[in-house]
Amino acid sequence: MLVAITGASGAQLAIKFLQSLKEKGIEFELIISKNAKQVIELETKYDVSEINELANKTYDFNDLTAPPASGSYLIEKMVIIPCSMKTLSAIANGYSDNLITRAADVMIKEKRKLILIVRESPLSAIHLENMLKLARLGVVIAPPIPSYYIKPKTIKDIIKNTVGRIFDLLGLKADIKRWGQIE
Ligand SMILES: Cc1cc2nc3c(=O)[nH]c(=O)nc-3n(C[C@H](O)[C@H](O)[C@H](O)COP(=O)(O)O)c2cc1C
């Protein structure tokens with residue numbers, strides 16, 4: 001699996017997602033955008049190097065010679081978490097000038113699974129049109145909207161549940177509260 005982190009708010013979500021993959025022994029490769037590095041610094045206490053250490057392999061955001069830039073490199077699933085409106089726009093318009101947008105372009109052309117944890121609010125018509133365009137191509141548009149029905153007490157509860165719902169989308173087993181089991 002390929003995971004990319006872009007410069008939208010929600011770095012905590014990305015870190016929890018990577019930690020959960022690691023805990024479950026699921027291998028993944030990682031690309032962090034230039035702007036994501038800045039947001040990680042602003043929003044968390046983590047150092048980018050600590051986040052990179054969670055991955056089995058990391059790639060430079062600007063390295064368009066890296067394996068995920070080619071359809072011949074077999075990656076079945078890609079998750080962009082969080083996905084900025086800028087990266088969303090680039091993907092929706094086939095503007096592949098960095099390794100994240102190029103890898104996403106490859107996922108679409110090769111008809112592989114691409115999940116975008118898009119993060120912005122409110123959404124403009126531009127954002128919505130870009131999402132609609134990609135949804136029609138089979139891309140999963142999954143904004144990290146809290147499941148209020150789990151009655152979360154902390155942000156940690158919300159993040160855990162959101163990550164679990166992404167695991168569901170990936171067909172992985174998630175240990176989360178589910179509708180029908182809520183007390
Ligand atoms: C602290 C911070 C929070 C941001 N939050 C968002 C956001 O939630 N959604 C978004 O689309 N852009 C957000 N941005 C703007 C993006 O970082 C900016 O558009 C950037 O060009 C995205 O580049 P990237 O997609 O290559 O990482 C934020 C920027 C900063 C500094």
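User: Which helices each supply at least two residues of the shell around the ligand?
Analyst: Helix H2 (34–43) and helix H4 (85–92) do. Helices (H or I, at least four residues) and strands (E, at least two) are DSSP runs, numbered from the N terminus. This is a predicted model: local features need pLDDT of at least 70, side-chain atom pairs count only at pLDDT 80 or more, and totals for chains, interfaces and linings use all residues. Residues are numbered from 1 along each chain as its sequence is written, and side-chain values use heavy atoms, with hydrogens and water left out.

User: How many residues surround the ligand, and which are the closest?
Analyst: The count is 15, and the closest are Gly7, Ser33, Ser84, Thr87 and Arg119. A residue is near if one of its heavy atoms lies within 4 Å.

User: What's the shell like by class?
Analyst: Five nonpolar, seven polar and three charged residues. Ala, Val, Leu, Ile, Met, Phe, Trp, Tyr, Cys and Pro count as nonpolar, Asp, Glu, Lys and Arg as charged, and the others, Gly among them, as polar.

User: What lies 2.5 Å from an oxygen atom of the ligand?
Analyst: A polar side-chain atom of Ser84. Lys86 also places a polar side-chain atom 2.8 Å from a ligand oxygen. Met85 uses a polar backbone atom, 2.8 Å from an oxygen of the ligand.

User: And how much of the ligand does the protein bury?
Analyst: 73% of the 640 Å² that the ligand exposes when taken alone. Accessible areas come from the Shrake-Rupley method with a 1.4 Å probe; for residues, only the protein chains shown count as cover.

User: Switching to H5. Mostly covered or mostly open?
Analyst: Mostly covered: eight of the 11 residues in H5 (99–109) are buried. Buried means under 20% relative accessible area, exposed over 50%, partly exposed in between (1.4 Å probe, protein chains only). Among the buried ones are Leu99, Ile100, Val106 and Met107.

User: What caps its N-terminal end?
Analyst: Asn98 caps H5, with a side-chain oxygen 2.9 Å from the backbone nitrogen of Ile100. After H5 comes Lys111, whose phi is positive, near 55°.

User: Zooming out, how many helices and strands?
Analyst: Seven helices and six strands. Along the sequence the pattern is β-α-β-α-α-β-β-α-α-β-α-β-α.

User: What about the radius of gyration?
Analyst: The protein chain has 16 Å, which agrees with the value near 16 Å for a compact globule of 183 residues. The radius is taken over C-alpha atoms; the globule rule is 2.2 Å times the number of residues to the power 0.38.

Notes:
A polar contact is a pair of N or O atoms within 3.5 Å; within protein, one must be able to donate a hydrogen and the other to accept it, and residues adjacent in sequence count only if both atoms are side-chain atoms.
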